[in-house]
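Thanks for making the time this morning.

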Amino acid sequence: MSLPKKQHIGIDKWKMDQILNLHRCGFSVEEIADQVDVDVSVVREVLKLSKNNH
């Protein structure tokens with residue numbers, strides 16, 4: 001998976017990896033947002049972007 005270094009949503013690579021990893025583990029969007037300390041909309045955006053890149 002090759003994501004650009006910086007997405008337009010302004011989230012760093014580390015948080016993006018965390019979000020994707022938690023999502024793979026079956027956490028809900030709300031739980032992920034809570035864990036990574038980002039907004040739910042950011043989590044949704046990251047997951048949407050990652051789907052488009054596969």
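Let me begin with a term: a residue is called buried when its relative accessible area is under 20%, exposed when it is over 50%, and partly exposed in between, with a 1.4 Å probe and protein chains only. By that criterion, 35% of the 54 residues of the chain count as buried. Please keep in mind that this is a predicted model, in which local features need pLDDT of at least 70 and side-chain atom pairs count only at pLDDT 80 or more, while totals for chains, interfaces and linings use all residues. Residues are numbered from 1 along each chain as its sequence is written, and side-chain values use heavy atoms, with hydrogens and water left out.

The secondary structure comprises three helices and zero strands, where helices (H or I, at least four residues) and strands (E, at least two) are DSSP runs numbered from the N terminus. Of the contacts (heavy atoms within 4.5 Å) in the chain with a separation of 6 or more, 45% are between residues 24 or more positions apart.

Now to helix α2, residues 29-36, whose buried residues are Val 29, Ile 32, Ala 33 and Val 36. These lie on the same side of α2, because they cover an arc of only 100 degrees around the axis, the arc being that of the directions from the helix axis to the C-beta atoms. The buried residues of α2 pack against α1 (13-24) and α3 (40-52), whereas Asp 34 and Gln 35, on the other side of α2, are exposed. Just after α2, Asp 37 takes a positive phi of about 65 degrees.
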